[in-house]
Structure formats: structure tokens, C-alpha cells
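Please work through the following exercises on nonpolar packing and aromatic pairs. Each task is followed by a stepwise solution.

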Amino acid sequence: MSVSTLIISQALVKHQDGVSLHPDLFVWEKQFSAYKQSWFDCANKNPLAWYAALCEISPSALLAEKCSALPDEMQQCWVVSPYHAELHRTTVRVYPEGLFPWTLEDATYLCETLNPLLAEEGMQLFCIGAAIMLTCRDCVEAYPLSFGEISGQMLPDNHHAGEDGGRLNRLLSEIQMLLFQHPSVERHDRGEVDVNGLWLWAPIDLSDPAMIDVDSSHDKQQIAVATRNPVLRSIAEGRDATVMITEAERLHELVQADAPLPKAILLAGEGHAVWLRKSIFPRFGKLKWLPKSLKQESDLLSSLRSCF
């Protein structure tokens, strides 16, 4: 079985006239010109969120299913995305996930460092490989943006939606201070950027069995995926992969510049996605990345799922 579909997050970047191709993908632009374009409105997703969308399940539920030590008293869980921040004059930019090195050892260190603080709030971090999940004894009524909306963007300076949005902001500020006080020596030794904060997203209610129960016979839960994203690699089977999911910055780790690409490619970013499929008619002139005749995200997901 071979890879038939390639999904690339943060593949499109803003410019003054709309969007353009991410610079790390220029080496494949000639190949992209052989494909027919279909454009969609699409929320920004990171690799974990794209995989969850294919499986028709919450990203948090994917992690919860892999956690063998989930405490009975915990009522809620969240996806935890660590990040490095770059301070500008009046804003804070989140380092793109595709450029952020992360390992199982990093995740373990983070859990050991932060769990004493979080225990006071009735919360606990769990590692699932390099992925991290936060569990809460009492549900937090807050609704942050997904990390796909944050990666590579400016950090929001307002409270999260929901009645506990302010409480969540205060907790994240305490976490930032603790991480500043206890940086990872191992990351420093490897010459890697510090972890400056955590982004919590995609909360689910663990008291609802429908949120995490999975019928193991359901084909959509058996999608094998090729990826270099450390979080997705921790929860998804890679053997006999039929889909490749990657950030733009990591595609070169999966595909050589002169290698043929899969027959279907999705380039996503900046609120759009373009679905590329091989065309029998040659394209003439310069390749344009112009969103037009936009269809809905639900139509895109239906097309993607039909490939598996």
C-alpha cells in the first residue's frame, strides 16, 4: 500500500494580494503545476487536528484513548501544545510548530516540572509518547482557538471565550513563569529554543462516553499516516501509510525534491485550503495561488475521507 494523499499544514502564507506558497515548498512548485486546483474556506489546523478530522473525532479524544492511566475522577481533558515565543515590540509571535523540536524526553520533563503546580488546581499532565494531555477534575468553561490558529501567528492578548477564560489565562501565566524559572538543560545542551508556554485546546467532557469510545472495526480509525510531526507520530500507526500529513517545514524529511508526489495533495493555511488533483490537461503560464470559487470545509473533509 502506498501514500495516495498528502496534507500539508501552513503551506499557504499571507502576502499583500492574498496568499502564496510557503517558501519551503518552492522546490515542489513545478510539480504542483501539473495538478488541478479546487479552493475551500478552511480553519487552520496542525497535523494532529488534520488527522483527527479524517478520523471524525476530537484531537483530545485521540489522546485520551491512548492514555492507559486516565484517573476516574478526571472530568475533562485537553490537548497540550508547548511553544516557543518570540517577543516583538508590542506583540508575541508563536514559533511555527514545524520548526519546533520536540521529543518524548521533553514531554516527560515538562510533565514532571508542571504537575506539582497543576495538582493544586485538580489537574494533571500525561505523556502519550511526545504528545501531552491535560486532565481536569473540574471542567474549565473556556474555549481557546485551536493550536493550528496559533502556530506561527501572534499570541492573542485577550481572554479566551467562556466564563472561565480569565481563570485559564491566569493559569497559563503561572505556567509561563514556572517554565522561565526552570528551563530544560537538555534542550539548552542540544542548542534548541526554550519552551516559553503551553497552549491548551480542544477540550472534551470525559463523562460523556461517546467522546472517547471508538469502535475498533471502524475503518476511519485505522488510517495509517506517514509524518515527522512528533505528536502525531506518537499516536498514529505509520506502517503501510496511505496518507502523509506534515507541516511545510518538515516535508523535505518525507519527500525528496525530485521524487514524484501523491496523486492528491492538500495545501492549507491562512483560512484556506487548495485541493490539488492530477490533471490530464497541461497548464500554461505562471502558477497562481488565488483563492476562488470557494467551497465549504465540510465538502473538503468529505472529499478527503472518501480517499480512505
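Predicted model: local features only at pLDDT ≥ 70, side-chain atom pairs only at ≥ 80, totals over all residues.

Residues are numbered from 1 along each chain as its sequence is written, and side-chain values use heavy atoms, with hydrogens and water left out.

**Exercise 1.** Determine which residues of the largest nonpolar core touch the most other members.

Step 1. A nonpolar core is a set of buried Ala, Val, Leu, Ile, Met, Phe, Trp, Tyr and Cys residues joined through side-chain atoms within 4.5 Å; buried means under 20% relative accessible area (1.4 Å probe, protein chains only).

Step 2. Among the 49 residues of this core, the most other members are touched by Trp 50, Tyr 51, Ile 245, Leu 300 and Leu 304.

Step 3. Helix H2 (residues 47–55) contributes the most, with eight residues; helices are DSSP runs of H or I, at least four residues, numbered from the N terminus.

Step 4. A separate second core has 28 residues, including Trp 78 and Leu 110.

**Exercise 2.** Classify the ring pair of Phe 32 and Trp 289.

Step 1. Rings of Phe, Tyr and Trp (its six-membered ring) pair if their centres lie within 6.5 Å; planes under 30 degrees apart count as stacked, over 60 as edge-to-face and the rest as tilted.

Technical notes. Buried < 20%, exposed > 50% of the residue type's maximum accessible area, 1.4 Å probe, protein only. Helix = DSSP H or I, 4+ residues; strand = E, 2+ residues; numbered from the N terminus.
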